[in-house]
Amino acid sequence: MFVLHESQKLQILYESLEKNIPESLKVYGTIFNIRNKNPFNMEVLVDAWPDYQMVITRPRREEMEDDLDHYTNTYHIFTKAPDNLEEVLACPQVINWEQTFQIQGCQESVDQAIRKVAASKSVQVDYINTMLFTLETLVKCKTSSDDKMELVELFKMHKVDEDNKERNFPGIFLDASHAGLINEQWDFGKNERSLKYVERCLQNFPGFGVLDPEGQPISWIVMEQSCELRMGYTVPKYRGQGNMWQIGYRFGKYLYQKKVPFYLHVAGDKEKVQQTLRSFGFTLSACGWHQWKCTPKKYC
């Protein structure tokens, strides 16, 4: 594996990965941000060029200074040849198995290779599998007139109806001052390292929320370094009132206008959220969303 630096090659790779969506979404979204100022200081590794079979995105080494910070120490993987992945993952120049990290991807087929290498290095693996939802028009952010018309019709269909308009709360773009509140309610967070990560996301990527009459956020969602929308939450007393509909309409329209791809994952037991996404036009991707948190035994 070697680092792909040249902007022209990254552009070619980005366009090529579109053909493999949704399986390639994690690396696809990360490369989008690498090509747009690279705020998380990430890099792209491929096994060959131009006939690559494997793509890995990761932070540059200087970013991964904290051996316990798996939020920063995150690798995204896409492969066309899962049978060859084990040898690549075992290479210390590709992945630092001496620290806690996580691997994210949209291919269950990489699971066996990750577990085999982890076992050989005495590393504990905590695996999470959730449901991946995509909205094709918005994931790929096409720019043809037909696609623009399709988007307009989509948003018209799902816009909050006029009868409820007066009850809609104002929307805001979030900033780092909201990190504490978001981290406190994030199922994957609630600790100091996740707080630092949420702050960094809000400093570099868009987040959107709605406010209650007192001006406090009551519902929100945040984009992260792979263009995934995460950390979604609504305060219990305000659920079922269309607040996430507002976010979906306003934030989705904003991202589309900016040509930013997006997608999200939902836990299998959150049936109401899944229903809402389906009614908005999102489809469930069979490949799923996968995360492997890897912790060396010395840190367990």
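**Legends to Close-up Views**

**View A. Trp 186 counts as buried, at 5% relative accessibility.** A residue is termed buried under 20% relative accessible area, exposed over 50%, and partly exposed in between, with a 1.4 Å probe and protein chains only. The model is predicted: local features need pLDDT of at least 70 and side-chain atom pairs count only at pLDDT 80 or more, whereas totals for chains, interfaces and linings use all residues. Residues are numbered from 1 along each chain as its sequence is written, and side-chain values use heavy atoms, with hydrogens and water left out. Ring pairs link Trp 186 into a cluster with Phe 40, Tyr 71, Phe 188, Tyr 197, Phe 205 and Trp 289. Rings of Phe, Tyr and Trp (its six-membered ring) pair if their centres lie within 6.5 Å; planes under 30 degrees apart are called stacked, over 60 edge-to-face, and the rest tilted.

**View B. The protein contains 20 aromatic pairs by this rule.** Helices are DSSP runs of H or I with at least four residues, strands are runs of E with at least two, and both are numbered from the N terminus. Tyr 14 and Phe 32 are both buried.

**View C. Trp 186 and Phe 188 form a tilted aromatic pair, 6.0 Å from centre to centre with 45° between the planes.** Phe 188 counts as partly exposed because its relative accessibility is 25%. Over the ring of Phe 188 sits the charged end of Arg 230, 4.9 Å from the ring centre. A charge sits over a ring if NZ of Lys or CZ of Arg is within 6 Å of the ring centre and within 35 degrees of the ring normal.

**View D. Lys 80 lies over the face of Tyr 52.** The distance from Lys 80 to the ring centre is 4.2 Å.

**View E. Gln 274 lies in helix 10, which spans residues 271-279.** Gln 274 is buried because its relative accessible area is 6%. Its side chain reaches the backbone oxygen of Gly 268 at 3.1 Å. Not counting residues up to four places away in sequence, Gln 274 touches Met 131, Phe 133, Val 266, Ala 267, Gly 268 and Asp 269; contact means heavy atoms within 4.5 Å.

Terms used:
Polar contact = N/O pair within 3.5 Å; in protein donor to acceptor, adjacent residues only side chain to side chain.
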